[in-house]
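I opened this notebook to keep track of what I looked up, entry by entry.

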Amino acid sequence: MAKPGFSWPICHEAKAGKPGYEPYEECPAGMTAVSSRTDGDRSFLGRDDKDQCTKTVNQCSNRAAFRTQFGDARENERKGVTIRQINQNNDNDVFNRDNGCMVQITQPRPRRADPYYFDIPNDKGVKQRAWFNLND
């Protein structure tokens with residue numbers, strides 16, 4: 001976690017410890033968090049931010065639903081959504097030619113409004129997460 005420009009005060013009585021930092025929300029259902037950076041960028045920056053969400057779908061299985069959700073190129077561009085066709089063509093298999101149906105959808109991962117947190121144990125010792133933002 002990057003330092004915010006000062007040392008964090010630690011409240012030992014609350015057993016909260018140091019704060020954590022998670023800048024991103026979970027990906028939407030059915031999507032997986034991935035990094036947009038290449039291996040060289042990750043090692044150079046010393047981090048592995050999973051800043052995008054991705055999924056592979058068969059756009060042909062329900063064309064109407066796919067067009068409703070991803071058919072507006074201008075809206076996709078505004079939201080940062082990219083759609084890349086996956087080539088599944090195996091030149092040795094003449095019966096299983098790529099039909100152009102499989103695509104990979106990638107979009108920016110939603111950012112948290114409150115990316116910092118403390119895990120604070122309640123009166124039964126069960127930790128509860130309290131989120132906060134330093135910019136408020």
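Entry 1, salt bridges. I counted as a salt bridge a side-chain nitrogen of Lys or Arg within 4 Å of a carboxyl oxygen of Asp or Glu. I kept in mind that this is a predicted model, in which side-chain atom pairs count only at pLDDT 80 or more. With that cut-off, my search of the whole structure returned 7 salt bridges. As background, side chains of opposite charge can pair when their charged atoms come close.

How far apart are the closest N and O atoms of Glu-25 and Arg-112? I read 3.4 Å for this salt bridge. Glu-25 sits in the loop between strand 1 (20-21) and strand 2 (32-34), while Arg-112 sits in the loop between strand 5 (102-108) and strand 6, so the pair ties together parts that are 87 residues apart in sequence. I then looked up the accessibility of both partners: Glu-25 is partly exposed at 32%, whereas Arg-112 is buried at 15%. Both residues also belong to a network of salt bridges that links Glu-22, Glu-25, Arg-112, Asp-119 and Arg-129.

Glu-75 is partly exposed, at 28% relative accessible area, and Arg-78 is exposed, at 60%.

In which order do the strands of the open sheet run? I noted 2-3-5-4 for its 4 strands, with antiparallel pairing. Strand 2 and strand 4 are the edge strands, each pairing on one side only. On average, neighbouring strands of this sheet are turned by 30 degrees against each other, direction ignored.

I went through the pairings in turn. Strand 2 and strand 3 are joined by 3 bridges, and Thr-32 stands opposite Thr-54 in strand 3. Strand 3 and strand 5 are joined by 7 bridges, and Val-57 has Val-103 in strand 5 as its bridge partner. Strand 4 (residues 82-85) and strand 5 are joined by 4 bridges, with Thr-106 in strand 5 as the bridge partner of Thr-82.

Of the 7 residues of strand 5, 5 are buried, so this strand is largely enclosed by the rest of the structure. I also noted that helix 2 (residues 63-70) lies across strand 3, strand 4 and strand 5, and that helix 2 runs at about 25 degrees to strand 5.

Is Val-126 buried or partly exposed? Its relative accessible area is 48%, and I therefore record Val-126 as partly exposed. Leaving aside neighbours within four places in sequence, I found Val-126 in contact with Ile-120 and Pro-121.

Notes
Residues are numbered from 1 along each chain as its sequence is written. This is a predicted model: local features need pLDDT of at least 70, side-chain atom pairs count only at pLDDT 80 or more; totals for chains, interfaces and linings use all residues. Side-chain values use heavy atoms; hydrogens and water are left out. Buried means under 20% relative accessible area, exposed over 50%, partly exposed in between (1.4 Å probe, protein chains only). Contact means heavy atoms within 4.5 Å. Helices (H or I, at least four residues) and strands (E, at least two) are DSSP runs, numbered from the N terminus. Two strands pair if DSSP finds at least two bridges between them. Axes are lines fitted to C-alpha atoms, for helices over the stretch in contact, and angles run from 0 to 180 degrees between N-to-C directions.
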